[in-house]
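Student: I am new to this structure. Please show me how to read its features.
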Amino acid sequence: MIDPAALERLLAAIGGDPEDLRELLDDFQQEGPRALSQMQSAAHAGDRDALRISAHSLKSNARDFGATALAAECARTEQAAATDDPEALHARIGVIAAELDRARTALAELARRDE
């Protein structure tokens, strides 16, 4: 579910401080649902550019934390924002919501283990 090598890269990039990594994990736990909400609002409003931007943002964050399945779904949605019909986009966002839940749960479990 979570690529441990990505977390190692992130930890190295921030100077190796586990407390800083925990803070970033906390930020992801809060920002992920916000990005999802932005995607849902954009899809509902038919704002394909806002949907694409939100999917791109969540994709980047998911990659940083090793949530590869979430990042892949966001990448597909980012690309599909220009061409897919609204119903298909809503379905894609539903898949992202499920992947986000799985990623947040897995990251929370990892954080608890490291305490």
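Tutor: Start with a term: a crossing is left-handed if the near helix is turned anticlockwise from the far one by less than a right angle, and right-handed if clockwise. Helices here are DSSP runs (H or I, at least four residues), numbered from the N terminus. Helix 2 passes helix 3 in a left-handed crossing. This is a predicted model, where local features need pLDDT of at least 70 and side-chain atom pairs count only at pLDDT 80 or more. Residues are numbered from 1 along each chain, and side-chain values use heavy atoms, without hydrogens and water.

Student: At what angle do the axes of helix 2 and helix 3 cross?

Tutor: Axes are lines fitted to C-alpha atoms over the stretch in contact, with angles from 0 to 180 degrees between N-to-C directions. Helix 2 (residues 18-45) and helix 3 (residues 48-64) cross at roughly 160 degrees, their axes coming within 8 Å. The two are therefore roughly antiparallel (over 145 degrees).

Student: Which residues of helix 2 and helix 3 meet?

Tutor: Contact means heavy atoms within 4.5 Å. F28, G32, A35, Q38, M39 and A42 of helix 2 meet A50, L51, S54, A55, L58, N61 and A62 of helix 3.

Student: How many salt bridges does a search of the whole structure find?

Tutor: A salt bridge puts a side-chain nitrogen of Lys or Arg within 4 Å of a carboxyl oxygen of Asp or Glu. The search finds six. One of them joins E78 and K59, with closest N and O atoms 2.7 Å apart. E78 lies in helix 4 (residues 68-80) and K59 in helix 3, 19 residues apart.

Student: Is E78 buried or exposed?

Tutor: Buried means under 20% relative accessible area, exposed over 50%, partly exposed in between (1.4 Å probe, protein chains only). E78 is buried at 15%. K59 is buried too, at 10%.

Definitions and conventions
Parallel < 35°, antiparallel > 145°, perpendicular 65-115°, else oblique.
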